[in-house]
Structures are given as C-alpha cells and as structure tokens.
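Could you go through them in order and look at each spot as you reach it?

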Amino acid sequence: MSVIVLAEHSQGAFKKKSFEAIQYAAAIAQSMGTTATAIVLGDAPEANMQTLGQYGAQKVINIADARLNDLHARAYAKAVIAAAQKEGAKVIVASHDVTGKSVAPRVAARLKAGMVAGAVSHPDLSKGFVVKKNVFSGKAFAYANITSDVKVVTLLPNTFPVKKGEGSATVEKLDVSFEDKDFSVVVKETNKVTGAIPLSEAELVVSGGRGLKGPENWGILEDLAGSLGATLACSRPVADSHWRPHHEHVGQTGGTIRPNLYIAVGISGAIQHLAGVNGSKTIVVINKDPEAPFFKAADYGIVGDAQEIVPKLTAAIKKFKENHN
Ligand SMILES: Cc1cc2nc3c(=O)[nH]c(=O)nc-3n(C[C@H](O)[C@H](O)[C@H](O)COP(=O)(O)OP(=O)(O)OC[C@H]3O[C@@H](n4cnc5c(N)ncnc54)[C@H](O)[C@@H]3O)c2cc1C
C-alpha cells in the first residue's frame with residue numbers, strides 16, 4: 001500500500017507543481033505510515049526521475065509509452081489506475097491543473113473513489129480524511145471528508161512552499177496496454193512559452209486589466225516587469241480581447257498563482273479574478289478609481305492613472321537597483 005502521485009514533466013524536465021504534489025503526497029504517506037510513489041508518463045531521463053526522491057518519492061513508476069508525451073486524459077487515467085493497482089494505492093494525488101483536472105475525475109470514477117478537487121490543506125486523518133478546499137471563488141472554505149476506500153485529491157498549485165531535500169528514488173518501468181480509443185483526442189500543435197519564468201512558478205508578477213485600454217499600452221507593464229524580473233499576467237477580458245495571450249489570464253477560469261508579489265494595474269478586482277490571485281503574499285493595486293474592489297484585497301494601493309504611476313514606479317525600481325548593486 002502506498003500513496004501515489006502524478007508527476008508531470010515537459011520533455012523530461014519536472015515542474016515545480018509536481019515537486020509540490022510529491023511533497024504533499026509524501027506528507028500524507030508519512031502520516032499513514034507508508035511511502036509515496038511518483039508516476040511518470042512518457043519519456044523522461046532516468047536521472048531526472050531519480051531526483052524526485054529529493055521531494056519525498058521513494059519510488060518512481062515510469063510508463064514510458066511515447067504517446068504519453070502529450071496529454072491524453074483517457075490514456076493517462078488508464079496508466080494512473082494501472083500504477084495505483086500495482087501499488088495497492090489508497091490515496092492518489094495530482095496537481096489541480098489542466099492535467100489533474102482532466103485525469104483525476106476519470107480515475108476517481110473508474111475506481112469508485114471519493115475525490116476532493118483543489119485541496120489547500122493536508123488531510124486531517126484524526127477525523128477521517130478531511131481536506132480543506134476553496135469554494136465560491138475563494139470567498140469561503142469547505143471541509144470535505146473522503147470516506148471511500150480509495151481517495152483521490154488534486155492539490156491547488158502554489159499552496160505549499162517546495163523544499164528540496166536529500167534522497168534518490170528508485171525507478172521501475174511498467175507496461176500498460178492501451179487501445180486506439182485512449183488516444184482519440186489528438187494534440188495538433190503545442191505553443192511553448194519561452195523566456196520568462198512560467199506564471200505558475202513566478203515569485204513576482206505584474207498583471208494588467210482593461211484599464212490599460214489596449215495592447216499598445218502594454219509597454220509600460222513590460223518595462224515594470226523587466227525592472228523587477230517579473231512575469232506578466234492579465235485579467236480575462238484582456239485575454240478574451242486578444243490584447244494578451246491566453247496563457248497569461250489568471251483567475252477562476254485561468255491560472256491560479258501565489259507569487260510573493262502581485263502588482264495589479266487597471267484591474268477592478270472582480271471575485272472571479274481574485275479567485276486566481278488572492279493567495280499572493282503581497283498585493284499591490286494601481287487603479288484610478290478609489291472605490292475599485294481590488295483595494296479591499298490589497299496590501300498596498302496607489303490611486304492614480306496607470307500611464308502616470310507605472311513609469312514612475314519603474315524608474316524608482318531601476319534607480320533603487322542601481323544604488324544597491
Ligand atoms: C464565470 C466567470 C468566470 C470569470 N473568470 C475570470 C477570470 O478567471 N479572470 C478574470 O480576470 N476575470 C474573470 N471573469 C470576469 C470578471 O467578472 C471581470 O469582468 C473581469 O475580471 C474584469 O476585468 P478587468 O478588471 O480587467 O476590467 P474592468 O472590470 O473593466 O476594470 C478595469 C479597471 O481599470 C481601472 N482603470 C481604468 N482606467 C484606468 C487607468 N487609466 N489607470 C488605472 N486604472 C484604470 C478601472 O477603474 C477599473 O477598476 C469571469 C466572469 C465570469 C462570469
């Protein structure tokens with residue numbers, strides 16, 4: 001019996017949210033007196049898989065079918081179930097991201113397992129298996145007790161800090177036979193974002209909303225982000241209007257982020273936006289409307305026109321950096 005966790009990677013490089021999920025699974029395993037096993041789907045270098053031991057995985061099960069290098073939810077679910085059954089797993093963990101959201105419910109349905117989606121706490125085993133999760137776009141919490149024999153949990157990314165430790169995981173291969181219908185959805189094109197730190201991993205984020213008026217005004221945000229080494233984000237209408245790419249959209253229907261610093265410029269602070277960013281450690285809001293709801297969630301607020309404030313802020317940051325180098 002062990003706790004198993006889906007460890008996502010991109011061409012063999014593991015993601016921060018996978019380390020977090022492994023660490024979470026390892027903590028559950030420890031409190032259950034068992035071990036955590038990571039499942040790696042597709043091709044990844046053995047040395048990289050071994051490093052998952054640094055985050056608490058004792059073992060890695062690798063299903064090295066090249067077709068799994070792209071997300072195929074049905075095939076992924078089959079692979080996870082095969083690994084879970086091999087290990088006699090009672091708890092199955094994944095990140096609450098695109099992959100986890102499409103794979104975990106399939107796994108839960110097939111194993112007749114109870115599932116909590118988007119957990120933000122370790123399970124309280126003294127009361128059964130009680131997990132806290134956000135509800136109503138982060139306005140409230142719910143505590144869900146999973147009473148089924150097998151339990152499935154997806155962890156909201158960036159809930160816990162990732163700590164790298166010592167250790168090396170052993171790697172085992174597992175063969176799973178798939179059918180053509182497991183790959184019925186074909187990924188035709190993948191556009192990789194290069195350069196900046198991915199939003200899900202960024203510690204510093206500069207985000208723009210409809211108050212910027214149009215894509216031609218994003219230069220001031222790019223300068224601000226450049227001065228800080230921050231990653232850019234945006235509100236949903238900005239992405240919907242094609243002012244910015246969709247991968248930058250944060251909120252209830254976009255990415256969930258928890259950076260150390262979130263600077264929101266010209267964003268009203270609708271509940272659906274806050275749902276994706278209200279876990280940020282420090283929130284700075286720049287808005288010309290003193291009544292903008294975002295100010296209620298802000299640690300620091302500047303009332304003023306973005307076109308005036310942002311360049312001054314960028315200049316001040318540059319000057320500060322020059323003086324402290
Ligand atoms: C089911 C559902 C899901 C949704 N999911 C998301 C989501 O994931 N993410 C998301 O962001 N939204 C989401 N929304 C939309 C959300 O409700 C808001 O409509 C959206 O967040 C508003 O975007 P905004 O703040 O950029 O624009 P606006 O609401 O138009 O706000 C613009 C702000 O800019 C300020 N401003 C204007 N000019 C300036 C200036 N010159 N300088 C400084 N400030 C200025 C204004 O005072 C205003 O506060 C969702 C809505 C629904 C119904």
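1. Histidine 72 has a relative accessible area of 10%, and a residue counts as buried under 20%, so histidine 72 is buried. Please keep in mind that this is a predicted model.

2. Where does histidine 72 lie? Its place is the loop between β5 (57-63) and α3 (73-87). Setting aside neighbours within four places in sequence, histidine 72 is in contact with Arg67, Asp182, Phe183, Val185 and Val186.

3. One of those contacts, Phe183, leads on to the aromatic pairs, of which the structure holds 5. Phenylalanine 183 and phenylalanine 178 have ring centres 5.5 Å apart and planes at 75°. Planes over 60 degrees apart count as edge-to-face, so this pair is edge-to-face. Both phenylalanine 178 and phenylalanine 183 are buried.

4. Tryptophan 218 and tryptophan 243 form another edge-to-face aromatic pair, with 6.1 Å from centre to centre and 70° between the planes. This pair links distant parts of the chain, 25 residues apart. Tryptophan 218 is in the loop between β12 (204-208) and α5 (219-228), while tryptophan 243 is in the loop between α6 (236-240) and β14 (261-265). Tryptophan 218 and tryptophan 243 are both buried.

5. Which ring does the charged end of lysine 132 sit over? That ring belongs to phenylalanine 141, and the charged end of lysine 132 is 4.0 Å from the ring's centre.

Conventions: Residues numbered from 1 in each chain as written. Predicted model: local features only at pLDDT ≥ 70, side-chain atom pairs only at ≥ 80, totals over all residues. Heavy atoms only, no water. Helix = DSSP H or I, 4+ residues; strand = E, 2+ residues; numbered from the N terminus. Buried < 20%, exposed > 50% of the residue type's maximum accessible area, 1.4 Å probe, protein only. Contact = heavy atoms within 4.5 Å. Phe/Tyr/Trp six-rings, centres within 6.5 Å; stacked < 30°, edge-to-face > 60°. Lys NZ or Arg CZ within 6 Å of the ring centre and 35° of its normal.
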